[in-house]
Amino acid sequence: MSESAEVPEKPVTWAELFFDLVFVFAVTEVSSLLREDVSWAGLGRALVVFVPIYWAWVGTTIHANTTNVDTSFERIGIFATGLCSLFMALAVPGAYGSRAVLFAAAFLLLRVVSLFFSGPQQSFAFGPMSIAVFITGPARLISAFFPYPILITVWAIAAVLDLATPILTRRRLLSMRFHPGHLPERFGTFIIIALGESIVAIGAPAATSAHLTVDVLVAVAIAFVLAAALWWVYYVFAASAIRHAMLTASVRTDLVREVLSYGHLAFLTGIIAAAVGMAAVVAHPTHRLEIGVVGLLFGGCALYLATFGYTRWRMFHRISIYRLAGAAVAVFLIPLAVYVPAVAALGALTAVVVGVNVTEHLVVRRRGSM
């Protein structure tokens with residue numbers, strides 16, 4: 001039996017939207033860290049710091065979903081977690097060096113604040129927040145005083161454990177009652193934040209260029225079309241599908257974990273990676289791209305498209321044929337993209353994503369006329 005009649009609609013509060021502004025800055029800092037090293041190791045380091053930032057947002061969002069946060073007390077709690085998140089974002093550039101302690105301490109303090117505002121019944125319950133307060137948070141802080149190899153190893157393990165806690169605590173989380181319309185809207189907002197970073201990544205190299213040449217403007221135009229196409233993939237069909245799945249799910253906890261929490265982490269990773277690649281194209285549109293940049297640009301879009309295959313199967317047990325096909329084509333183009341000018345590679349990738357959207361539009365229109 002569906003839970004849809006049990007929980008009334010819940011609007012997003014202004015405090016939550018203000019809280020999101022911190023993560024606009026945080027995503028920018030993570031993108032900057034990735035631009036410094038576009039290798040697999042660089043992507044791994046960026047993910048290790050992005051996971052606790054993202055998990056802090058997820059925890060606050062779920063708390064806002066299950067609690068009335070439109071009170072003075074709860075607003076203070078949201079602003080306090082926002083300040084801790086801001087400290088984490090400020091520490092990202094030196095997270096593996098001089099600012100490691102700041103990053104780890106800010107994360108631990110954030111989780112302590114979150115646990116406090118969750119109420120006494122959550123303080124010692126076995127759940128994501130308590131695990132962060134008593135295990136992964138202290139582990140990050142202690143390892144921040146050790147050399148880099150120990151630090152990165154412990155932080156990577158802590159990130160995996162943080163991500164695993166919803167699985168480990170599933171039985172307890174089953175008792176939570178989620179507002180089905182609120183969560184899809186909130187996670188959709190984070191997608192907009194990441195897409196906003198792609199716009200910044202497109203515009204910044206052009207804005208700081210001494211001369212706006214035709215090739216740069218062409219690269220900006222193509223990159224913008226790609227960003228718009230990524231928006232289209234999510235918001236035209238997927239956003240409403242996620243909302244429908246939440247409204248009709250018999251067990252919302254599993255969808256919150258698998259589609260919203262895990263699925264959107266993959267969406268965001270793909271967008272951030274692609275944004276770094278777009279910035280590189282706009283900066284040098286006539287040059288050939290390094291293989292690492294190609295991997296981020298094409299691989300990021302492939303991950304983004306392929307994740308829809310996972311989320312659609314999880315929600316409806318149906319295969320997202322066109323999006324998976326688009327992901328496969330993007331991967332296939334990776335070894336070819338290093339041999340052509342950057343703007344041409346970007347144009348080919350944009351054609352793939354636009355092609356996915358056009359195909360889906362035609363299929364939906366044909367089905368509607370049948």
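Leu83 is partly exposed, at 44% relative accessible area; that label covers values between buried, under 20%, and exposed, over 50%, with a 1.4 Å probe and protein chains only. This is a predicted model, where local features need pLDDT of at least 70 and side-chain atom pairs 80 or more, while totals for chains, interfaces and linings use all residues. Residues are numbered from 1 along each chain as its sequence is written, and side-chain values use heavy atoms, without hydrogens or water.

Leu83 sits in helix α3, a DSSP run of H or I with at least four residues, numbered from the N terminus. With Phe25, Leu86, Phe87, Leu90 and Leu102, Leu83 makes a nonpolar surface patch of about 450 Å² accessible area. Patch members have over 30% relative accessible area and no salt bridge, and nonpolar side chains are joined within 5 Å. A salt bridge here is a Lys or Arg side-chain nitrogen within 4 Å of an Asp or Glu carboxyl oxygen. Helix α3, residues 72–91, gives the largest share of the patch, 4 residues.

Now the inside. How many cavities of 30 Å³ or more are there? The count is 2, a cavity being a set of points on a 1 Å grid where a 1.4 Å probe fits but cannot get out, with lining residues having an atom within 4 Å of a point. The largest has a volume of about 100 Å³, and its lining includes His63, Glu74 and Met129.

Conventions: Patch = residues over 30% accessible without salt bridge, like charges linked within 9 Å, V, L, I, M, F, W, Y side chains within 5 Å. Areas by Shrake-Rupley, 256 points an atom, 1.4 Å probe, with all protein chains shown as cover. Helix = DSSP H or I, 4+ residues; strand = E, 2+ residues; numbered from the N terminus. 1 Å grid on protein atoms, 1.4 Å probe; cavity = no way out; pocket = protein on both sides within 12 Å on 5 of 7 lines; lining within 4 Å. Points joined across faces, edges and corners; volume = space filled by probe spheres on them.
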